[in-house]
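Student: I have a protein model open. Please show me how to read its features one by one.

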Amino acid sequence: MSDLDHRVGVREQNLVIRNLKLSKVTEDNCDALIAEIDDIFGIDEVSYNIRTGEIHLAYDATHIDLDGIEKVLKQHGADLHNDWWTHTKESYYKFVDQNIKDNAEHKPWSCHQVPPRANRKHK
C-alpha cells in the first residue's frame, strides 16, 4: 500500500490499528459516536461491532492519539471497558502512539561526518 490508499493526512509509516472494548455504547449513541470519530483529521477507518462491543480504529498516530478519541467517547456517554486487558492494551497503545509522534518530530543526525581540517596532510 501507499499513502495514496489512505485518507488525507494519513501516512502509511505512521498508521496504527487499534481494537478496544467499549462500555455504555447504546444504539442511540453508537451512530453519532462513530460519525464524530470518523470526522477527526488523521482517522483512516473506524467501525464498531455492537455484538462484541469492540471499536476498530485505524489512524495516523502523528495527528491523533488515543486520548483524543477517548474525549469523543466520553462526550457521547461511552467509555473504555473497565477490565485488566483493556487497560493493558490502552497503556501500550498510548506508549506506542507517543513513540511514533516523538520519532516523527526527531531530526536525524550523523556522527560520520568528516571532521574539520581533516583533509590536511601531516608531515
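Tutor: Start with the order of the elements. Along the sequence the pattern is β-α-β-β-α-β-α. The protein has 3 helices and 4 strands. Helices (H or I, at least four residues) and strands (E, at least two) are DSSP runs, numbered from the N terminus. This is a predicted model, in which local features need pLDDT of at least 70 and side-chain atom pairs count only at pLDDT 80 or more, while totals for chains, interfaces and linings use all residues. Residues are numbered from 1 along each chain as its sequence is written, and side-chain values use heavy atoms, with hydrogens and water left out.

Student: How do I read the sheet? In what order do the strands lie?

Tutor: Strands of a sheet pair through backbone hydrogen bonds, either parallel or antiparallel. Here, two strands pair if DSSP finds at least two bridges between them. The sheet is open, has 4 strands and runs in the order β2-β3-β1-β4, with antiparallel pairing. Its edge strands are β2 (43-49) and β4, each pairing on one side only.

Student: Over how many bridges do β1 and β3 pair?

Tutor: They pair over 7 bridges, in the antiparallel sense. Leu 15 stands opposite Asp 60 in β3. On to β2 and β3: their antiparallel pairing covers 6 bridges. Tyr 48 faces Ile 55 of β3 there. These two strands form a hairpin with 4 residues between them. In its turn, Gly 53 has a positive phi of about 75°.

Student: Is β3 enclosed or open to the outside?

Tutor: Look at burial. Buried means under 20% relative accessible area, exposed over 50%, partly exposed in between (1.4 Å probe, protein chains only). In β3, 5 of the 7 residues are buried, so the strand is largely enclosed by the rest of the structure.

Student: Now helix α3. Why does its length agree with expectation?

Tutor: The expected span of a helix is 1.5 Å times one less than its number of residues. Helix α3 has 22 residues (84-105), so it should span 32 Å, and its end C-alpha atoms are 32 Å apart.

Student: Which residues of α3 are buried?

Tutor: They are Thr 86, Lys 89, Glu 90, Tyr 93, Val 96, Asp 97 and Ile 100.

Student: What covers the buried residues of α3?

Tutor: The cover includes β1 (15-23), β3 (54-60), α2 (66-75) and β4 (79-80). Contact means heavy atoms within 4.5 Å.

Student: How do I read aromatic pairs?

Tutor: A pair of aromatic rings is described by the distance of the centres and the angle of the planes. Rings of Phe, Tyr and Trp (its six-membered ring) pair if their centres lie within 6.5 Å; planes under 30 degrees apart count as stacked, over 60 as edge-to-face and the rest as tilted. The whole structure has 2 aromatic pairs. Trp 84 and Trp 85 have ring centres 5.9 Å apart and planes at 35°, so this pair is tilted. For Tyr 92 and Tyr 93 the centres are 6.3 Å apart and the planes at 50°, so that pair is tilted.

Student: Are Tyr 92 and Tyr 93 buried or exposed?

Tutor: Tyr 92 is exposed, at 52% relative accessibility. Tyr 93 is buried, at 10%.
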